[in-house]
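Good morning, colleagues. Please have the sequence and the model open while I speak.

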Amino acid sequence: MRLIPSLTWLAGAPRPAPLDPRLFALLASIVAHGSLRAAADAVAMPYRSAWGLLQDMERMFGTPLVQLQRGRGATLTAGGAALLRADEAAKRRLSREFSELALDVGVPDATGSGAAAPLLRLAASHDPALAGLQDALPAATGARLDIEFCGSREALARFRAGDVDLAGFHVVPGDAEAAQPFLAYLRPTRDRLLRFVDRQQGLIVARGNPRRVASLTDVVGGKLRFVNRQPGSGTRALIDAQLAREGLAATNLRGYTSAEFTHGAVAATIASGHADAGFGVAAAAAEYDLGFVPVVRERYYFAVREVMLRSAAIIALRSSLAGPVFRDLVNRMPGYDATHAGRLERVARGRRRNAKP
């Protein structure tokens with residue numbers, strides 16, 4: 001049996017007590033899903049338990065950790081975000097030391113191998129299908145996936161620096177010019193691309209599309225309220241490219257300076273009536289029963305080091321991506337296709353640039 005140390009936070013005075021470790025998983029899930037109910041479901045916690053845990057922690061810290069708004073879902077407050085960042089930073093710094101301190105004791109584990117389930121650290125642009133992969137991977141292979149959501153550029157920068165094992169990012173197939181700023185973080189001789197999903201991105205609008213929006217030109221011309229994505233995200237780059245393609249100035253897009261961090265948060269903003277249009281995946285529009293105008297088909301990749309392809313963790317990941325559990329789940333999501341999930345591609349060679357996060 002393999003014993004692996006873990007991180008525990010203590011709080012309170014004069015006798016500090018351990019914090020409930022579910023808190024950090026719940027906070028990270030809120031960032032990923034933009035809804036307390038969906039976040040609780042994702043970490044297998046009853047809604048009332050999640051609500052009670054947040055109330056207990058907020059009384060302990062004396063400050064709200066999560067902001068709940070009717071129709072807009074859930075977001076972390078500055079205090080909640082700082083707490084989650086501290087936990088993630090501590091785990092990153094200690095991960096190497098913890099693996100070195102792991103100890104094999106007594107009888108073999110349930111698999112009979114004596115080895116811990118392989119762990120993969122993934123920094124990734126937000127995508128609803130990643131939650132499905134996180135669920136399907138342990139069920140199918142016994143491996144574990146630790147996901148940290150961020151913009152595509154930040155994910156790739158962290159991958160290049162060696163802080164994570166994989167980087168999740170998305171590009172438009174065939175558009176080499178648009179893909180180059182992302183691929184510039186990678187080395188064709190060192191890195192490979194692992195197919196995740198193909199997905200439809202477009203304009204999310206009110207149910208029935210009453211304003212008859214067909215493009216960003218209609219959003220600008222109709223002076224509609226737009227909800228944007230954060231700078232550095234792949235979707236923000238896609239929006240900027242679409243503005244340029246339609247000959248529109250960003251300053252004319254009402255709400256261009258607004259920013260949400262997930263597809264679900266964009267959809268929730270529109271569903272609540274605080275915006276008329278936004279850019280996101282078809283699945284997010286369907287989740288909130290909103291209208292959707294297809295604009296572009298994207299390909300989502302994981303960047304991975306070629307030297308890791310024979311590791312137990314990557315073999316487990318590819319097996320799960322190609323397996324029926326994950327594919328059935330994803331293929332039920334509107335606008336998604338997992339037909340080629342798990343396939344490897346080479347990084348396209350191109351003119352190198354200085355990539356900045």
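Predicted model: local features only at pLDDT ≥ 70, side-chain atom pairs only at ≥ 80, totals over all residues.

To begin, does leucine 68 count as buried, partly exposed or exposed? At 37% relative accessibility, leucine 68 counts as partly exposed. Leucine 68 belongs to strand S4, residues 66-69. Together with Tyr47 and Trp51, Leu68 forms a nonpolar surface patch whose accessible area is about 260 Å² in total.

The mean pLDDT of the chain is 85, and 86% of its residues reach 70 or more. Two stretches call for caution. Over residues 351-357 the pLDDT is below 50, and the model gives this stretch 14 contacts beyond near neighbours in sequence. Residues 96-114 likewise stay under 50, with 24 contacts beyond four places in sequence.

I turn now to aspartate 127. This residue sits in the loop between strand S7 (119-124) and helix H5 (129-141). Aspartate 127 counts as buried because its relative accessibility is 1%, and the cut-off for that class is under 20%. Its side chain makes a polar contact of 2.4 Å with the side chain of arginine 199 and another, of 2.8 Å, with the side chain of tyrosine 336. Beyond four places in sequence, the residues in contact with aspartate 127 are Phe149, Phe196, Arg199, Tyr300 and Tyr336.

Arginine 199 also takes part in a salt bridge with glutamate 298, at 3.0 Å from N to O. Glutamate 298 lies in strand S13 (residues 291-305) and arginine 199 in strand S10 (residues 191-205), so this pair ties together parts 99 residues apart in sequence. Both glutamate 298 and arginine 199 are buried. A network of salt bridges with shared partners joins Arg195, Asp198, Arg299 and Glu345.

Across the whole structure, the search finds 15 salt bridges. One of them joins arginine 158 and glutamate 148, at 2.9 Å. Since arginine 158 is in helix H6 (residues 152-160) and glutamate 148 in strand S8 (residues 144-149), the pair links parts that are ten residues apart in sequence. Arginine 190 and aspartate 191 form a further salt bridge, also with an N to O distance of 2.9 Å. Here arginine 190 is partly exposed at 21% relative accessibility, whereas aspartate 191 is buried at 0%.

Finally, which residues beyond four places in sequence are in contact with glycine 264? They are His126, Ala284 and Tyr288. Glycine 264 lies in helix H10 (residues 263-271) and is buried, with a relative accessible area of 9%.

Methods
Residues numbered from 1 in each chain as written. Heavy atoms only, no water. Helix = DSSP H or I, 4+ residues; strand = E, 2+ residues; numbered from the N terminus. Buried < 20%, exposed > 50% of the residue type's maximum accessible area, 1.4 Å probe, protein only. Polar contact = N/O pair within 3.5 Å; in protein donor to acceptor, adjacent residues only side chain to side chain. Contact = heavy atoms within 4.5 Å. Patch = residues over 30% accessible without salt bridge, like charges linked within 9 Å, V, L, I, M, F, W, Y side chains within 5 Å. Areas by Shrake-Rupley, 256 points an atom, 1.4 Å probe, with all protein chains shown as cover. Salt bridge = Lys/Arg side-chain N within 4 Å of Asp/Glu carboxyl O. pLDDT = per-residue confidence, 0-100.
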